[in-house]
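Please give me a short report on this model.

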Amino acid sequence: MTAIIKGTTGDWEMVIGLEVHAQIISQSKLMSCSPASFGAQPNENVSFVDSAFPGMLPVVNKECVRQAVRTGLALGAKINKKSVFARKNYFYADLPQGYQISQADQPTVGEGVVTIDLQDGTTKEIGIERLHIEQDAGKSIHDQHPEKSFIDLNRSGVGLMEIVSNPDIRSAEEAGAYFTKIQTIVQYIDSCDGIMARGSMRADVNVSVRRVGDKNLGTRTECKNINSVRFIKQAIMVEATRQVEILENGGVIDQETRLFDAEKGETRTMRSKEDAHDYRYFPDPDLLPVVIDDEFINECKDSLPELPDTKKERFINEFGLSSYDGAVLVANKKNASYFEKVASGVKNKKLAANWVVSELFGALKKAELDINDCPVKAQDLAELISLIEDNTISGKIAKEVFADMFKTSKKPAVIVEEKGLKQITDTGAIEGIIDTVITENPNQVAKVKENPKLIGWFVGQVMQKTAGKANPAMVNKLLAQKLK
Amino acid sequence: MTDLTKLTISQATTGLKNKDFSAVELTTSYINQMEKTDNLNAYITKTTDNALSQAKIADNNIASGNMRPMEGMPIAHKDLLCTKGVKTTAGSKMLDNFTPDYESTVSQKLAESGCISLGKLNLDQFAMGSNGQSSFYGGTKNPWGNDLVAGGSSSGSACAVSARSAIASTGTDTGGSIRQPSAFCGVAGIRPTYGRCSRWGVVAYASSLDQVGPIGKDVRDCAIMLSNMSGHDEKDSTSANIPVPDFEAVLTGDVKGLKIGIPKEYYIDDMPQEIAKIWDNGKKMLVEAGAEIVDVSLPHTKYALPAYYIIACAEASSNLSRYDGVRYGHRVSGKELDEMYELTRSEGFGEEVKRRILMGTYVLSAGFYDAYYIKAQKVRRLVANDFKKAFESVDALLTPITPSPAFKIGENQEDPVKMYLNDVFSVTLNMAGLPGMSVPVGLSDSGLPLGLQIIGKAFDEETVLKASYALEKQAKFDATPNI
Amino acid sequence: MSFSNDDVKKVAKLSRIRIDDKQLEQYTNDIQKVLGFMEQLNELNTDNVEPMANPLDGVQVLRNDEIKDGGYPETIVNNATDDTMNFFTVPKVVE
Ligand SMILES: [Mg+2]
Ligand SMILES: [Zn+2]
């Protein structure tokens with residue numbers, strides 16, 4: 001679905017491409033044997049290689065190549081058996097070598113495709129241009145000293161995957177969905193933890209605009225290093241609107257790198273503009289071409305878990321779930337696995353999906369809890385649903401029980417027992433109560449005989465007298481017989 | 001007792017074994033010689049105290065019968081090899097204050113073989129140069145004449161061996177930097193095949209061309225050094241994982257049946273008479289020793305030098321980006337980051353280094369990359385293919401190594417192209433990654449040493465050493481500088 | 001080929017090397033000469049030649065993913081002329 005920007009002179013569409021940087025999950029860094037872990041003391045996870053001391057040399061971490069290939073396979077992308085590491089040359093305080101080891105014209109992963117789910121229930125395919133492996137930079141800290149920036153190289157040299165999309169994205173919503181989908185995929189296969197707050201995933205957003213119907217691409221700008229989905233969407237809207245305004249006033253767009261300022265809600269030119277980037281890529285002479293064989297690729301393939309799209313299909317086909325429920329459930333690996341645990345313990349999978357999607361996710365959202373910290377175990381939720389299925393409690397009572405479970409983490413059977421919520425399914429007992437109600441309300445009996453639709457009043461009375469525990473189906477059936 | 005500094009490694013080893021003298025005595029002789037020849041400026045840093053304590057350990061090892069292959073040999077390292085706890089400068093102001101906390105693989109291996117390090121040897125800044133004059137610590141002088149250059153960039157390495165202020169030394173050779181100063185100083189030096197010695201811990205100039213190698217008094221000493229410094233290193237991705245032969249074992253003097261190629265393209269225009277003559281003599285010597293001389297062609301020879309400078313400068317421009325004043329080395333403060341970078345680098349690097357960085361940046365920059373860098377890489381392939389083809393019919397090649405004997409300090413300096421032409425015979429094999437050795441074979445008309453070069457197939461240093469040894473034996477070169 | 005003072009300025013900026021105006025001419029002349037020398041290569045037709053980046057006809061050895069390094073922050077900053085609390089420091093960067 002294309003989002004249109006209404007200008008004063010006509011309608012404009014956005015053309016968007018994303019470069020997603022995802023930190024690779026590995027023990028050690030891409031080119032050195034120091035730890036790739038997060039949260040160490042300043043320069044603690046740094047070797048002489050990472051800090052580019054004289055004479056230090058890079059050696060490629062196999063795990064990083066493996067993770068990139070796995071991710072490439074998960075994106076349905078072409079795997080290049082030969083890839084070449086190149087140097088991207090530029091000076092920056094947190095780039096100790098004065099170049100980033102990356103991949104240029106021969107990346108490890110080539111073209112692929114990602115299917116995104118949109119709010120209106122439709123899906124769209126976004127093309128992947130490539131995935132390449134590169135080193136992360138260190139970190140500059142600007143707010144510790146009035147005249148100095150502090151440099152911590154702990155992140156310097158950690159392996160990154162840069163996933164570059166085609167300019168197939170047409171709205172902020174699509175961009176968000178695309179980013180989220182990449183996040184879902186890397187989390188599924190454990191190639192990146194996807195935690196944006198740690199900077200494990202971030203995006204460069206390329207935006208251009210053109211008049212609706214125009215086939216040519218406009219000049220694009222790039223907003224670098226955006227670290228939340230909300231900001232990605234905001235940056236796109238802000239930047240596209242800025243471009244439309246310029247163009248409608250007869251101006252031209254400069255191809256440039258811009259900075260998105262979330263606080264001010266604007267994008268602006270980065271200061272180093274006059275220093276036109278010329279990265280002078282060339283093959284890293286310290287490294288030889290990386291060549292992988294079918295066996296390596298097959299091992300990567302075999303290591304992949306069921307991917308979100310496949311899982312969704314299976315949920316729809318095997319469990320009869322709606323496309324919406326399927327999409328919601330697979331969007332997060334942990335949610336999906338929670339659901340599968342629940343579903344495995346019950347007969348009615350659709351009922352399980354309803355419970356997980358509306359009751360459980362609703363409660364978690366309200367309590368601002370992650371599924372990991374969910375007070376209700378999947379097995380317990382399955383038991384609760386089973387209690388509905390075997391008529392021990394009604395659906396309505398189940399909701400009460402669930403609320404209790406969420407608060408206390410108690411087992412459903414225990415709550416039902418303690419509170420005496422077990423459904424009354426004994427015909428004699430229900431008949432007795434019905435008889436009492438009939439005896440006490442002769443006027444109502446007469447009314448029902450004239451108008452059978454009023455039987456609902458009696459159902460209500462019986463349920464009230466049993467505190468909702470009477471099996472509603474039985475109550476209906478018996479009342480119908482007695483008031484015939 | 002005779003002057004111990006006149007002994008070769010093999011002679012000194014025998015002397016130590018026989019208890020003719022101690023390692024402390026041997027080392028002391030060298031320390032004395034270092035003092036005596038101090039005016040040559042071969043050393044940037046001397047580690048004599050440490051050398052003496054190492055010599056005591058060597059004597060203990062000898063006494064207890066635990067003599068390692070190079071036990072007690074007082075060598076010195078080009079100051080491009082990082083040495084733990086010892087200042088490592090690359091001959092540049094940029095690293096004047098740099099003391100690494102790690103040891104290069106090659107110097108580590110030599111230490112483990114029993115070598116004693118006397119110190120760090122002078123060189124052209126960041127190994128860029130052919131005259132040994134661009135060092136921040138002053139130029140190196142040639143033991144054969146104080147007004148002469150020692151060659152470069154391993155100027156101190158060749159000078160020290162020639163002046164007997166080290167029994168042998170390490171050098172590096174990116175475009176001739178072991179072979180050319182060896183020839184100028186009348187000593188032997190071999191540049192091994194690319195990948196034979198680890199580059200880990202060696203300050204990089206041009207990564208795809210750099211190789212460490214030994215300089216020694218004779219071919220045998222080079223063979224011994226090479227055996228003890230070679231080998232696979234998992235920390236260097238371009239280090240070859242192949243066994244290291246006992247290089248000394250091939251030195252039989254017998255080259256019967258060996259086919260030696262003479263590349264006709266090395267007869268350059270205006271080749272000095274004395275160079276042509278010494279080359280001719282070399283052929284005769286090898287024939288005398290039983291080898292067969294075969295004419296071969298390396299048609300792309302003349303393009304090797306320009307292509308070499310493109311590639312070397314390109315790689316250097318990137319390799320030297322790390323010298324920014326932030327983590328180590330010289331730093332000039334500035335108000336802004338870029339100002340600090342610019343002041344630091346302008347002040348820290350010498351003129352030749354800066355010129356090569358600028359040229360390297362240019363040939364890699366947008367719009368010029370294909371025309372220069374890619375073109376040079378293609379020519380590199382052609383040069384390598386020339387060698388491959390030649391080695392289908394011969395076992396090694398014999399060529400001149402320098403177009404002249406050592407020249408005067410200050411000469412050739414005003415015109416960079418003229419300066420670069422000194423490398424015309426040496427850079428070709430670096431382009432192809434091949435091993436080559438410079439052997440002193442005679443004196444020039446002016447009484448200065450002249451060398452010849454043996455070039456071999458990749459990882460066939462054995463043939464290179466074998467042929468070089470035969471040449472050395474035939475040449476009976478025994479002239480020494482007057483020091 | 002024409003290599004001008006402006007070209008020197010451009011690559012000097014990219015290389016973070018400051019060339020003062022007095023030296024500019026000299027650099028331009030020297031580099032111009034060397035580039036002219038390099039352009040001999042244009043005599044060769046290299047249309048079907050594969051560029052050669054490294055003399056080793058090999059492939060990259062991939063190392064195992066093991067932590068064997070790091071954990072010495074004091075040593076890492078030990079050679080820096082300006083550092084604090086195990087951070088390197090630079091003039092304040094304003095983005
Ligand atoms: Mg980008
Ligand atoms: Zn990137």
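Where is B:Thr238 found? B:Thr238 sits in the loop between helix H7 (219-229) and strand S9 (259-263) of chain B. Helices (H or I, at least four residues) and strands (E, at least two) are DSSP runs, numbered from the N terminus.

This is a predicted model, in which local features need pLDDT of at least 70 and side-chain atom pairs count only at pLDDT 80 or more, while totals for chains, interfaces and linings use all residues. Residues are numbered from 1 along each chain as its sequence is written, chains are lettered from A and ligands numbered from 1 in the order in which they are written, and side-chain values use heavy atoms, with hydrogens and water left out.

**Around B:Thr238**

B:Thr238 counts as buried, at 1% relative accessibility. Buried means under 20% relative accessible area, exposed over 50%, and partly exposed in between (1.4 Å probe, protein chains only). The side chain of B:Thr238 makes a polar contact of 2.7 Å with the side chain of B:Asp236. Another polar contact, of 3.4 Å, runs from the side chain of B:Thr238 to that of B:Tyr194. A polar contact is a pair of N or O atoms within 3.5 Å; within protein, one must be able to donate a hydrogen and the other to accept it, and residues adjacent in sequence count only if both atoms are side-chain atoms.

Neighbours within four places in sequence aside, B:Thr238 is in contact with residues including A:Pro285, A:Asp286, A:Leu288, C:Asn54 and C:Leu56. Contact means heavy atoms within 4.5 Å. Within chain B, the partners of B:Thr238 include B:Gly195 and B:Arg199.

**Chain A against chain B**

Here 30 residues of chain A are in contact with 38 residues of chain B. The buried area is about 2800 Å², and carbon and sulfur atoms give 58% of it. Buried area is the accessible area (1.4 Å probe) that two parts lose on being put together, summed over both.

Chain A and chain B share one salt bridge. Its side chains are those of B:Arg199 and A:Asp286 (3.1 Å, N to O). A salt bridge is a side-chain nitrogen of Lys or Arg within 4 Å of a carboxyl oxygen of Asp or Glu. Across this interface, 17 residue pairs are in polar contact (both at pLDDT 80 or more). Strand S4 (85-89) and strand S15 (282-283) of chain A are the elements that give two or more residues to the side of chain A that touches chain B. That side divides into 20 nonpolar, five polar and five charged residues. Ala, Val, Leu, Ile, Met, Phe, Trp, Tyr, Cys and Pro count as nonpolar, Asp, Glu, Lys and Arg as charged, and the others, Gly among them, as polar.

**Chain C against chain B**

This contact takes 51 residues from chain C and 66 residues from chain B. Chain C and chain B bury about 5400 Å² between them, with 64% on carbon and sulfur atoms. The count is seven salt bridges. Polar contacts join 24 residue pairs (both at pLDDT 80 or more). Helix H1 (5-15), helix H2 (21-38), helix H3 (73-77) and strand S2 (87-91) of chain C each supply at least two residues of the side that touches chain B. H2(C) gives the largest share, nine residues. By class, this side of chain C has 28 nonpolar, eleven polar and twelve charged residues.

**Salt bridges**

Over all chains the count comes to 62 salt bridges. Some examples follow.

| Pair | Closest N to O |
|---|---|
| C:Lys13 and B:Glu342 | 3.9 Å |
| A:Arg314 and A:Glu340 | 2.8 Å |

C:Lys13 lies in helix H1 of chain C and B:Glu342 in helix H10 (residues 337-348) of chain B, so this pair joins two chains. C:Lys13 is partly exposed at 30%, whereas B:Glu342 counts as buried at 9% relative accessibility. Salt bridges that share partners join A:Arg87, A:Asp284, A:Asp286, B:Arg199 and B:Asp236 into one network.

**Nonpolar cores**

A nonpolar core is a set of buried Ala, Val, Leu, Ile, Met, Phe, Trp, Tyr and Cys residues joined through side-chain atoms within 4.5 Å. The largest has 199 residues, and B:Phe126, B:Phe387 and B:Leu465 touch the most other members. Helix H9 (residues 301-319) of chain B provides its largest share, twelve residues. Apart from this core lies another, of 109 residues, among them A:Val114, A:Ile163, A:Ile169 and A:Ile297.
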